[in-house]
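Morning, everyone. Please look at the structure on the screen, and I'll walk you through a few parts.

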Amino acid sequence: MSTQIIRNARLSNGSHVDVYLNEGTIEKVNAYDSASAIEMADIDANGQLLLPALAEPHAHLDKAFLAERIHNPTGDLMGAINAIHASAHTLTFDDIVERASRAIKIYIKNGVTRIRTHADTFDGSTLQVRALRQVANNFHDECDIEICALIQWPLTGKKGEPSRILAERARADGADLIGGCPHLDTDPTGANKVFLSLAKDLDCNLDLHVDETLNADMLSLRDLAKRVIAKAPKCSVTASHCVSLGMQTKKVQKQVAQLLVEANIAVVTLPQTNLFLQGREHQSAMPRALTALCALREAGVTVMAGGDNLQDPFNPMGRADPLEAAALLVSAGHYFPEDAYWAVSSKVHECIAKDQPFLAAGSPAHFILTPATSIREFIAFANQPRHVYRRGILIYDSSET
Ligand SMILES: [Zn+2]
């Protein structure tokens, strides 16, 4: 493929443009020239809205669609974790591959070209990592899939040795990066220290489930940020959830947000799952279980949003569509619709893949064309047609189904 032009695309600001692509990347954006002829290789957008492709920064594809098989009796985080552990022996390689593949096909139809998925590691086994590695390889031409091995706790001391060894094995078996849950560890700050050291030894990035609790006394995020500032690791560090930050005073939220900026730690908020799992002990004035979105954004922290779990014991809902998270950012997180869309699309591509901003010269041509009149309407209706392009190639056209 050589030069190709997306003719007469409408941007979210209402302007109409011609976008020049070269070998699947953006070359330049010009004002729409209605006089020029459309060539065979060109894409006639015909005035449709041009948006960055969607992205899922935090999935658990190994657990997708387990809601019917594994029940969460209490509906909270520990209920889900205990239920998964009790049924881990029932999960097989082929079973994980089948469910994860089913999920990815839906993600792609919805316009997702990048997924970071976590993969459980149980009892010395890397089964989930290996299965998801195969899935990621199978979808290599349609979606960029990154695997984060979710290392069990405890991580510290003698008792943590098996988990530390397993992190090494998971990397060798195909995990791109590692993560875990320091707030569930007997020694959360010690776990932060071990994770940073493992990431260095295993030469990979880190994506942690951080403070997934409404307990304001648990704030391992502050320790993580301070450690990253002190050690200045080469790896990138992502903090997912950060629920308890939302329970702090505004002063503490601001202090921690400033530390995150200094540490260059990005935050992933996961509204759907945290609205489901948290808050059951607060039957009056129930907290929303979102992180301190306002303080984070005011400080300039990169905030992305994801769906987390997909129809499993952690979240019985979900349709593998980042527009769900975007809609919740608007209604539960008080984002403007455009900002919400950016948090589930270009911010993820820029932060995780280090892509150039959407439509900047040199950025990959991952985009969606839709007849929606605006981003707000696109999020609100959720079911409007989507033509999904990856590197300038059409990978899904909803009008053909
Ligand atoms: Zn998660």
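In helix H5, the buried residues are Pro188, Ala191, Asn192, Val194, Phe195, Leu196, Leu198 and Ala199. Buried means that 20 or more other C-beta atoms lie within 10 Å of a residue's own; exposed means 12 or fewer, partly exposed is in between, and C-beta atoms are placed from the backbone. This is a predicted model: local features need pLDDT of at least 70, side-chain atom pairs count only at pLDDT 80 or more, and totals for chains, interfaces and linings use all residues. Residues are numbered from 1 along each chain as its sequence is written.

What covers those buried residues? The cover includes helix H4 (161-172), strand S9 (177-180), strand S10 (206-210) and helix H6 (220-231). Helices (H or I, at least four residues) and strands (E, at least two) are DSSP runs, numbered from the N terminus.

H5 itself runs over residues 188-201, which is 14 residues. From first C-alpha to last, H5 reaches 20 Å, close to the 20 Å expected at 1.5 Å a residue. The expected span is 1.5 Å times one less than the number of residues. After H5 comes aspartate 203, with a positive phi near 50°.

Now the domains. The assignment gives domain 1 (3-52 + 357-400) and domain 2 (54-352). Such bounds come from an automatic or database domain assignment. The C-alpha centres of the two domains lie 31 Å apart. Across the boundary, 16 residues of domain 1 are in contact with 19 residues of domain 2. Contact means C-beta atoms, placed from the backbone, within 7 Å. On the domain 1 side, H13 gives the largest share, three residues.

Next, the core. A nonpolar core is a set of buried Ala, Val, Leu, Ile, Met, Phe, Trp, Tyr and Cys residues joined through C-beta atoms within 7 Å. The largest one has 115 residues. Leu132, Ala149, Ile178, Ala326 and Val344 have the most contacts inside it. Why does this core lie between the domains? Domain 1 and domain 2 both give residues to it, so it lies between them. Apart from it lies another core, of seven residues, including Leu77 and Phe276.

Take alanine 326. Leaving aside neighbours within four places in sequence, alanine 326 is in contact with Ala305, Ala340, Tyr341, Val344 and Ile379.

Last stop: glutamate 262, in helix H7 (residues 250-263). Is glutamate 262 buried or partly exposed? Glutamate 262 is partly exposed, with 13 other C-beta atoms within 10 Å.

Key. Two residues are in contact if their C-beta atoms, placed from the backbone, lie within 7 Å.
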